[in-house]
Amino acid sequence: MKTLAAISLAVLAAGTAGAQDVPKPVLGAPTQAEPYATESVVNHPRTIGWPEGRTPVAPRGYQVVKFAGGLDYPRQALLLPNGDVLVSEARTKPKLDAEPDVARGQALSKTTGFSANRITLLRDRDGDGVAEQRFVLREGLNQPFGMQYAGGRLYVANTDSVVSFPYQPGQTRITATPRTIATLPAGGYNNHWTRNLLVSPDGRTLYISVGSASNVAEYGMEEEKRRAAILAIDLATGRERLYASGLRNPVGMDFAPATGTLWTAVNERDHLGDDVSPDYLVGVREGGFYGWPYSYYGKQDPRHANERRDLLATTLLPDVAVGPHAAALGLAFAKDAAARGQMAYVARHGSWNRSSFIGYDVLAVPFAQGRPSAAPQPFLTGFVADAKKGDVYGRPASIQTRDDGAIFVVDDAGDTVWLVRRTS
């Protein structure tokens, strides 16, 4: 396996357009700015799309291939046992009461509008890294995001429910009536609508990530029931339990191969200034509470001063800080024999509540014996076209990895799925 130092040096040598002077991701507790040290801003990117022939930039020894383009805001991918790739396509619903600058920013970044609400199947029959076939597997869904396949069924997370369909790899169309596994609370601040899924290695438990209904519980905690959390459902009995809470907007989830621990990437709170507070990765403990909305990374939120000191005393800390407002959405561990358990990849979708951009890349996080062992380093860059103008080509949203070392990066704003593979 390439060393992390080699990856980092290769990326720095390749260079990126619109370099960003921002806090670096760190292992352990970061140095944090004070709340309100800078003014809170709205700074959405303008998505200009990928010019013909341009791709994201990977380290030397890797090749980036456009696996599939022309999608309609792809969000999450699922790799099936037969090699097919499923992609959910959905957009955020526009808010009629959104502030003008927020609405304008969402329009520039392509996050809102008509939602395809479907799952597309991509097939690379000749194995050249480009999907030459695509099929609409299922449509008429409600903002689908996460997908999992287990026990002959395809599980799909709509924004308001988890449903399943009978399915066998190779099928190119699903017409069966869905079975509802769980209803979920929907809507919320910034449209925290994404619901990701992860099936336990033994196939018995389905984990569901559900983001908060608000920034910092400004509508009261009654609105946050079963939110800002990871839920767990026993697939045999349908019984649900709260697996972990205080996670403002957990999205990416994966199991660490060495330990079986569930890890998640979490988007933290807004409106405290440019550098407060860091998004993070954390190995989740069952029953653990991680601070939201009362605290962040060991510090009390001033908007909840002197509240719930009982919870503050038992709050667990994150493991890896990946930058304030970076929007860490995707998370996947390497699955090939060379790097299995030794590397995790994190997709940072990019900032909107920061005066200068942060994110718009994929980080590599070294692991050893099931724990992060060094600070994250850039892995896939080049998404920013011009930081001064606020232009980006696309925005990485999620990641899937394959046993042969291939890394699939879903670029929602770029309407593309990228395949990153080793050449040496």
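Let's start with a term: a residue is buried under 20% relative accessible area, exposed over 50%, and partly exposed in between, using a 1.4 Å probe and protein chains only. By that rule, W50 and W418 are both buried.

Some ground rules. This is a predicted model, where local features need pLDDT of at least 70, side-chain atom pairs count only at pLDDT 80 or more, and totals for chains, interfaces and linings use all residues. Residues are numbered from 1 along each chain as its sequence is written, and side-chain values use heavy atoms, without hydrogens or water.

Now the aromatic pairs. Rings of Phe, Tyr and Trp (its six-membered ring) pair if their centres lie within 6.5 Å; planes under 30 degrees apart are stacked, over 60 edge-to-face, the rest tilted. The whole structure holds 14 aromatic pairs. Take W50 and W418: the ring centres are 5.1 Å apart and the planes are at 70 degrees, so this pair is edge-to-face. W50 lies in the loop between β2 (46-47) and β3 (62-68), and W418 in strand β31 (residues 416-422), so the pair ties together parts 368 residues apart in sequence. Strands here are DSSP runs (E, at least two residues), numbered from the N terminus.

Next, F67 and F408. They also form an edge-to-face pair, 5.2 Å centre to centre with 90 degrees between the planes. F67 sits in strand β3 and F408 in strand β30 (residues 407-411), 341 residues apart. F67 is buried at 2% relative accessibility. F408 is buried too, at 1%. And ring pairs link W50, F383, Y393 and W418 into a cluster.

On to a sheet. Two strands pair if DSSP finds at least two bridges between them. β8 and β9 (residues 153-157) pair over four bridges. There, M147 has V156 in β9 as its bridge partner.

Last, the largest pocket. A pocket is an open set of points on a 1 Å grid over the protein atoms alone, where a 1.4 Å probe fits, with protein on both sides within 12 Å along at least five of seven lines; lining residues have an atom within 4 Å of a point. What lies nearest its centre? Among its 40 lining residues, Q148, D254, K335, Q400 and T401 do. β22 gives the largest share of the lining, five residues.
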